[in-house]
Amino acid sequence: MAESRLIKIADVILSPNPVATKGNYLVQVSIESAPVWLDYPYDYAYDYTKGEEDMDVSTMKATVNGQEITLTRNGQTNKWTANAAAPAKSSYNQTGHYYPVTVKATDVAGNSTEVDSTHATLGTSLRLVVK
């Protein structure tokens, strides 16, 4: 998966998980808001720190079982959320007994980060179990 140094997905929550077939669940994504320092040129008399306001994430999408889900940003919590319908079939026959989830964040400059169920730290939270 591609990861931009400008965008870091900090947390993903699928709730409830497991979910009933044809039930609804929440997808919630948090972005780390650490500043990014420009590498070149650097004028030490001026602070070139770019924060979240300069490289805002403009789109956040999750994909589950081929279905693309567009998340919206909650201005109060700064978390991206969406309610989605669970697949109509149980995940039991899927490899690992779950539907893998992919989350992709793209900023206004076109940089993007994508994480999925194989990600080293977020992987287990990107596995939707449908019963």
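Before we start: this is a predicted model, where local features need pLDDT of at least 70, side-chain atom pairs count only at pLDDT 80 or more, and totals for chains, interfaces and linings use all residues. Residues are numbered from 1 along each chain as its sequence is written, and side-chain values use heavy atoms, with hydrogens and water left out.

**Exercise 1.** Find where Pro-18 sits, then work out the peptide bond that joins Asn-17 to it.

Solution. Start with the place: Pro-18 is in the loop between strand 1 and strand 2. Strands here are DSSP runs of E with at least two residues, numbered from the N terminus. Now check omega: at about 15°, the bond joining Asn-17 and Pro-18 is cis.

**Exercise 2.** Where is Asn-65, and what is its phi?

Solution. Look between strand 3 (57-64) and strand 4 (67-73): Asn-65 is in that loop. Its phi is near 55°, a positive value in a residue other than glycine. Next, accessibility: Asn-65 has a relative accessible area of 49%. That makes it partly exposed, the class between buried (under 20%) and exposed (over 50%), using a 1.4 Å probe and protein chains only.

**Exercise 3.** Which loop holds His-97, and how accessible is His-97?

Solution. The loop runs between strand 5 (79-85) and strand 6 (99-107). Phi of His-97 is positive, near 65°, and His-97 is partly exposed at 40% relative accessibility.

Terms used
Helix = DSSP H or I, 4+ residues; strand = E, 2+ residues; numbered from the N terminus.
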